[in-house]
Amino acid sequence: SSASLGAITKRDLSQVESVKDKDEFYGVLLGFNVTVPTDIGEYCKAKGLKVIVHDVIYRTIEEYESYISGLKKEIELRELASLVRPCKFLVMKGYTFRQNNPAISGVEIEVGKIKSGDPIMSREGKRLTIVKSMKEGQDNVTVAEQGKQLAMAMDDITIGRQVQEGDFLYTDISEEHFKKLKELKKYLSKNEVEVLKEIAEIKRRENPVW
């Protein structure tokens with residue numbers, strides 16, 4: 001957005017701040033063959049401002065490109081963490097601790113990752129409930145990953161009616177989340193991509209254009 005000669009000043013940094021507020025990809029100050037005064041460096045740390053300075057100009061550009069690549073990945077992973085991820089899990093036989101209010105059952109995560117608050121559907125695509133809470137041993141957990149066996153609490157269902165021991169259940173992914181997951185599938189495992197396809201096939205039985 002601007003360029004100048006001489007030492008870096010707080011006025012330069014105020015411009016970086018204003019640009020960063022609009023687009024963090026461009027909120028960066030690049031310097032070639034200049035020094036960063038101590039007070040300026042401390043100000044940058046306090047405000048979380050990115051300053052890249054080198055005596056060789058191509059190294060400045062290389063570090064900037066690396067920074068942008070890392071920032072893009074960080075933003076994508078933040079978005080991924082907010083989505084309902086593909087997950088397939090087993091309601092284990094012989095581990096019904098409470099039938100309802102809430103139903104509490106031992107489950108095994110076959111593929112993917114599930115977190116508290118995620119919606120759950122049947123193999124037929126019917127929305128059943130959400131993950132109310134999970135417990136691994138004596139510890140409460142908010143996320144469960146592939147291979148884990150733990151107790152899951154679920155409201156508004158009765159084990160033995162809507163859900164049977166031995167059933168496989170899935171996360172109920174919305175169409176909006178499905179589209180975003182497709183864009184971010186490079187961060188999903190091969191097995192997660194396969195379960196995502198399973199979920200899409202289930203959804204398309206009711207809605208061919210899902």
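How many nonpolar, polar and charged residues are found in the lining of the largest pocket? By class, this lining has 13 nonpolar, six polar and one charged residues, where Ala, Val, Leu, Ile, Met, Phe, Trp, Tyr, Cys and Pro count as nonpolar, Asp, Glu, Lys and Arg as charged, and the others, Gly among them, as polar. The structure is a predicted model, in which local features need pLDDT of at least 70 and side-chain atom pairs count only at pLDDT 80 or more, while totals for chains, interfaces and linings use all residues. Residues are numbered from 1 along each chain as its sequence is written, and side-chain values use heavy atoms, with hydrogens and water left out.

The volume of the largest pocket is about 560 Å³. A pocket is defined on a 1 Å grid over the protein atoms alone, as an open set of points where a 1.4 Å probe fits, with protein on both sides within 12 Å along at least five of seven lines; lining residues have an atom within 4 Å of a point. Grid points are joined across faces, edges and corners, and the volume is the space filled by probe spheres set on the points. The pocket is lined by 20 residues, of which Ser2, Ala3, Ser4, Leu29 and Leu30 are the closest to its centre. Two or more lining residues come from each of helix H1 (10-22) and strand E1 (28-32); helices (H or I, at least four residues) and strands (E, at least two) are DSSP runs, numbered from the N terminus. Strand E1 provides the largest share of the lining, five residues.

The largest nonpolar core comprises 20 residues, and those with the most contacts inside it are Phe89, Ile109, Ile114, Ile120, Met134 and Met152. Such a core is a set of buried Ala, Val, Leu, Ile, Met, Phe, Trp, Tyr and Cys residues joined through side-chain atoms within 4.5 Å. Buried denotes under 20% relative accessible area, exposed over 50%, and partly exposed in between (1.4 Å probe, protein chains only). Strands E3 (87-98), E4, E6 (127-136) and E9 (149-154) are the elements that give two or more residues to this core, with the largest share, four residues, coming from E4. Apart from this core lies another, of 18 residues, among them Val111, Ile173, Ile199 and Ile202.

Glu192 lies in helix H5 (residues 190-206) and counts as buried because its relative accessible area is 5%. The side chains of Glu192 and Arg85 are joined by a polar contact of 3.0 Å. A polar contact is a pair of N or O atoms within 3.5 Å; within protein, one must be able to donate a hydrogen and the other to accept it, and residues adjacent in sequence count only if both atoms are side-chain atoms. Beyond its neighbours within four places in sequence, Glu192 is in contact with Arg85, Pro86, Val111, Gly112 and Lys113. Asp118 is placed in the loop between strand E4 (103-115) and strand E5 (119-121), and this residue is also buried, with a relative accessible area of 3%. The Asp118 side chain reaches the backbone nitrogen of Lys115 at 3.0 Å. With residues up to four places away in sequence not counted, Asp118 touches Val84, Thr129, Ile130, Val131 and Thr171.

Arg123 occupies the loop between E5 and E6 and is classed as partly exposed because its relative accessibility is 42%. Although Arg123 and Leu169 are 46 residues apart in sequence, their C-alpha atoms are 6.1 Å apart in space. Conversely, the C-alpha atoms of Gly94 and Ile75 are 19 residues apart along the chain and separated by 42 Å. Gly94 is part of strand E3 and is exposed, at 63% relative accessibility.

Backbone geometry was also examined. The peptide bond from Asn101 to Pro102 is cis, with omega near -10°. Asn101 is located in the loop between E3 and E4, and its phi is near 55°, a positive value in a residue other than glycine. Asn101 counts as exposed because its relative accessible area is 68%. A positive phi, of about 60°, also occurs at Asn33, which is not a glycine. Asn33 lies in the loop between E1 and helix H2 (38-47) and is exposed, at 55% relative accessibility.

Note on methods: Contact = heavy atoms within 4.5 Å.
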